[in-house]
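The following questions and answers go through one protein model step by step. Please keep the sequence and the 3D view at hand while reading.

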Amino acid sequence: MAARTYVTWIENDQELAGALSQAQLDEDPDQAGDGAVSGDYQVDVDTLRLAGKLSWQLAGDAQLEAGVSWEQQSLYHPIVDRIMVDFDGPGPMEPVEVFSLLIDTDQDNAGGTLRYRRSFGDHELTVGANLGWTRVQGGNYRNLGGNKNGQTTIIDNDATAVEVFVMDRWQVADRWTLTAALQGVRAERDVKNTDVESGALSNPQATYDALNPRIGAIFDASDDVALYANISRLFEPPTNYELQDNVAGGDATLSPMDGTVFEIGTRGGTGPGTADGWSWDVSLYYAAIRDEILSVDDPEAPGTSLSTNVDRTVHAGLELLVNGSWRVGTRGSLAPLASFTLNHFEFDDDATYGNNRLPSAPDFVLHGELMYHHDAGWYAGPTFDVIGNRYADFANSYAVDDYALLGLRGGWSAQRWSAYAEFGNVLDEDYIAYSAVRNVAAEDAAILYPGAPRSVYVGVNYQF
């Protein structure tokens, strides 16, 4: 029997600069957005996680694994400054606060997992289960300079998930393997948001059940190259956060996202077991999705995002990973790596947006690096990232530019110790890391979040 214990403790105190408009970005990309300073935008998260895993080697080739985890997390999150409205214009009445937001919640999570694997002749069988439970308690408050200014909403949310699955890998011929799997899911959501002023309770709750099959085939074209294809059902229930921000409001719920995914690909390499060689993994996929959950503008407060189901969307693309290793001299090796993702995410004949691209997802992502590894345990080399353009709205009227970044990475490792350092954005490029999403984004909308400037990250690991 083998046992492992995991302990994680994180204290994250992070100030948020807020979003900028394009004009503000051109003026000074390092400035804070409107309200970020006066509202003291921040996300402070304290996390403690304990987990354990046991593994048994049973009779024959049978294996059994079991694991449990528990996590406690507290969140303090001032995120919207006071929105003031002067209802009588230049009249005698003072401006009135209509909205602000500070979130203060505690979250408890518990989970469990079980896996059993065994071979029966030409069959390799895996059965298992995953259990999860989450509870969030606390509330929303008015925000006054990063301090609580009266509670507006009492939050008491529960979520549970149970997944059971079985998978069989059947060696039907010398070079052919068929795979078949079935997953059963039950997810329960219970959201209780009580308005402090009126006492009104919003209580969207639902149970989501699904059986998700998958079938595929693997063909070993040679000892080093495999081709594969599969078709599977996609299923994802809404989160409690999405339910409590449902555009329909009240006790209305959301439908789960589901669809069908087709995938074909190949993986393999050259020179296995030798010092020199390269490998690849290439995959083409197409997912036809129903009821995808997206964030849309609140019709009563444009600029505020809420959740809704969209009838049909398509997620398709290409994923490519290529890496290698070649000896250089007598004591080192050169290891290039490149990963490329091509995204084709779009509405599928939507009544409002037709076949427009889905926002936020860039049309491509390219990452590469060239590391030199020395036999003494250290490594170093350059990295680069190129991100394609994307849209910031469903109307595809607001495009966010592509960008390219250069970096350096290095490290050292011994038997128990390891250290690393990364120098990011070496050329100190200005770029948009991500953006908020609008139904239709105005030219002067403050929705852009600049990426990190020239930065250095260092760390040390010790393995007991």
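Q: Which residue forms a salt bridge with D258?
A: This is a predicted model, in which local features need pLDDT of at least 70 and side-chain atom pairs count only at pLDDT 80 or more, while totals for chains, interfaces and linings use all residues. Residues are numbered from 1 along each chain as its sequence is written, and side-chain values use heavy atoms, with hydrogens and water left out. A salt bridge is a side-chain nitrogen of Lys or Arg within 4 Å of a carboxyl oxygen of Asp or Glu. The closest N and O atoms are 2.7 Å apart in the pair that D258 forms with R290.

Q: How many residues apart in sequence are the parts that D258 and R290 tie together?
A: Strands (E, at least two residues) are DSSP runs, as are helices (H or I, at least four), and both are numbered from the N terminus. D258 belongs to strand 11 (residues 257-269) and R290 to strand 12 (residues 277-298), so the pair ties together parts whose separation in sequence is 32 residues.

Q: Is D258 buried or exposed?
A: Buried means under 20% relative accessible area, exposed means over 50%, and partly exposed lies in between (1.4 Å probe, protein chains only). Because its relative accessible area is 11%, D258 is buried.

Q: Which residue meets R267 in a salt bridge?
A: The N to O distance of this salt bridge is 3.4 Å, and the side chain that meets R267 is that of D281. The pair links distant parts of the chain, 14 residues apart, with R267 in strand 11 and, in strand 12, D281.

Q: What is the relative accessible area of R186?
A: R186 forms a salt bridge with D209, and the closest N and O atoms are 2.7 Å apart. This pair links distant parts of the chain, 23 residues apart, with D209 in strand 9 (residues 205-220) and R186 in strand 7 (residues 176-195). D209 counts as partly exposed because its relative accessibility is 44%. R186 is also partly exposed, and its relative accessible area is 43%.

Q: Which residues are linked with K53 in a network of salt bridges?
A: The count of salt bridges in the model comes to 13. In the network that includes K53, the linked residues are E65 and R117.

Q: How many strands are there in the protein?
A: Buried residues make up 34% of the 464 residues in the protein. The protein has 2 helices, and its strands number 23.
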